[in-house]
Amino acid sequence: MDGTDLLRAELVRAAQSLGAPADVVPVLERPRDPSFGDWATNLAMVLAKPLGRKPRDLAAALIERIDKSRAGISSAEIAGPGFINFRVSADVFSEGLRALIAAGEQYGRTNAGQGCPVNVEFVSANPTGPLHVGHGRQAALGDAITSLLAASGWKVTREFYYNDAGAQIMNLALSVQARVRQLGGVEAAMPEGGYHGEYIRDLAQRYIDEHSSDPNADALDAVRRFAVRELRKEQDLDLQAFGVKFDVYFLESSLYSDGRVEATVERLVAAGHTYQKDGALWLKTTDYGDDKDRVMRKSDGTYTYFVPDVAYHVTKWERGFTRAINVQGADHHSTVTRVRIGLQALDIGIPEGYPEYVLHQMVTVMRGGDEVKISKRAGSYVTVRDLIDEVGRDAVRYFFLMRKGDSQLVFDVDVARSQSDENPVYYIQMAHARMSGIFRVGEIDASSVTGVDADLSVLSLPEEQELMKALLDYPALVAGAAEALEPHRIATYLHDTAGKAHLWYHKAHVLNEPDHLMRARLVLARATQLVLRNGLQLLGITAPERM
RNA sequence: GCGCCAGUAGCUCAGUUGGAUAGAGCAACAGCCUUCUAAGCUGUGGGUCGGGGGUUCGAUUCCCUCCUGGCGCGCCA
């Protein structure tokens, strides 16, 4: 696709004729300095030792045995300690651009996943309050990961797991109940570990308005159902504002009503991995490398959180998801081992690394120069909605995606707001808008540009060469990002490529140039527009035609 | 004490799975709008890649060790 297949094949042939093993895989990479060429390989240095020859001699021998026209290169030279630098022949670029445009919205998509099902679970916030900034990171990350997987040929199911059955929910109900009573002039204490946010008071007021027959909120179960329903509605609105959609909402409570929690426990007992101690039921996680055994059923008869978690993941497996990915905050790190061990101990054929986890580090929020301590119970946090209202959906998404998940993220609300015009996302969108502007001003239908009738060898400016190289790198980049589950690579690439596009735009005119030049440059503009658009779409960011 | 993650320019971060002279944005300074969008472009300054060992042709990248920060380590979720 990016033209390296032919070159790689030639290198393998040449290396084998010199005695290299049959499974040799030459690594091709872009030289740091573009003046060195289009591709470089360290093959001669890698083979030097096993073949007992000097790297530079070996490089010379390799070059001699390569059929340049078959490899699609115009030159090959030895550099430094034994690198071989290649220059790609012009028609590789030309054909690459035409193929890019022909693929259109499909450019960058592959069938690596071969239609296999994969379940991606993310956000999974407890319905005990609005979505905060940490959920925002997870929503952006999870959403982009599902897009990457879908673009790589996986059949993706996007799932949201609601913990609507635990002690937290009881806390929520009791908190609302206390507020209802307080509003009615009755003295009532908040429960220990209760939720103190302002939204609890709002919920209480609405409960009073809608339940005139229960002024003191004595019907605790009704309070619980009301609070959960209302908060889920709120969360749905937050997600909608962020443009994130799910295919499946899975309720923890259903695991109990279906008897799946019980069945899981019975299965673990039957498999012989449990024992009784101190009135509780324990799982022998130490058999699987944990540092201590874990309680499954407490002495009061209720289950610890990881038991329904295990039961839940059994349903993923039984629903046919041979691959499952969980996007979670690093504070849930300790669940990884336990859920996996629980699944192993069931002895039902679930593979060891199931499910996969993408853990992202914590988000700290700065406001007015101070860190905002995020605590739902204390009622201090920044919601996803706040961020979207303040800086816009596209910018919030980009901000959350521009760095690796496993580095901590400082979200300075003041900076995000005051510098919203300088947010890098606008830089990328602007590059796309500029490409679109060329077609608009020239009154040319962009989709009519194919490149088949243009001589693309006139795209010889260094800025044009650099831009073309970047555009042709895109499919390999998407594949790599999807495999590593790292959307930030797309963000970095887009920023970089947008820079090359701006540079070219500034240097070279398209319209009102001699016809043959204009036709060729329209092809490049079209290709750039498509790549930026496709990449932004993977991140869930809009690609405006004008700004 | 144990486990996971991080430490790269004044700040926020990339670094293509071990390559050549370590990059970008912001901030600072100096320039560029009669031509498809100046939300742009050009130039300048700025680094013991946390410290120390090791592995090899070659280390920001892999291994060991120490230091610093974050998150976990519950019959909470």
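I began with the surface of chain A, which exposes about 24,500 Å²; carbon and sulfur atoms supply 50% of that area. I note that the model is predicted.

I then looked up the burial of residues. Chain A has 547 residues, and 50% of them are buried.

For the charges, I counted 61 positive and 73 negative side chains in chain A. I found the centres of the two sets to lie 3 Å apart.

Next I recorded the overall dimensions and the fold. The C-alpha trace of chain A spans about 85 × 60 × 40 Å along its principal axes. I listed 20 helices and 15 strands as its secondary structure. Of the contacts in chain A with a separation of 6 or more, I found that 72% join residues 24 or more positions apart.

Which residues have the most contacts inside the largest nonpolar core? They are Leu-97, Leu-100, Val-123, Phe-242 and Phe-400, in a core of 93 residues. I traced the largest share of this core, 13 residues, to helix H20, which covers residues 515-539. I place the core between domain 2 (122-257 + 361-417) and domain 3 (421-538), because both give residues to it.

I examined Val-123 individually. Apart from neighbours within four places in sequence, Val-123 is in contact with Leu-131, His-135, Gln-138, Ala-139, Phe-160, Leu-239, Phe-246 and Val-327.

Finally, I noted a second, separate core of 26 residues. Among its members are Tyr-303, Phe-306, Ala-345 and Leu-346.

Notes: Residues are numbered from 1 along each chain as its sequence is written. Chains are lettered from A and ligands numbered from 1 in the order in which they are written. This is a predicted model: local features need pLDDT of at least 70, side-chain atom pairs count only at pLDDT 80 or more; totals for chains, interfaces and linings use all residues. Side-chain values use heavy atoms; hydrogens and water are left out. Helices (H or I, at least four residues) and strands (E, at least two) are DSSP runs, numbered from the N terminus. Buried means under 20% relative accessible area, exposed over 50%, partly exposed in between (1.4 Å probe, protein chains only). Contact means heavy atoms within 4.5 Å. Accessible areas come from the Shrake-Rupley method with a 1.4 Å probe; for residues, only the protein chains shown count as cover. Lys and Arg count as positive and Asp and Glu as negative; His and the chain ends are not counted. The place of a charge is taken as NZ of Lys, CZ of Arg, CG of Asp or CD of Glu. A nonpolar core is a set of buried Ala, Val, Leu, Ile, Met, Phe, Trp, Tyr and Cys residues joined through side-chain atoms within 4.5 Å. Domain bounds come from an automatic or database domain assignment.
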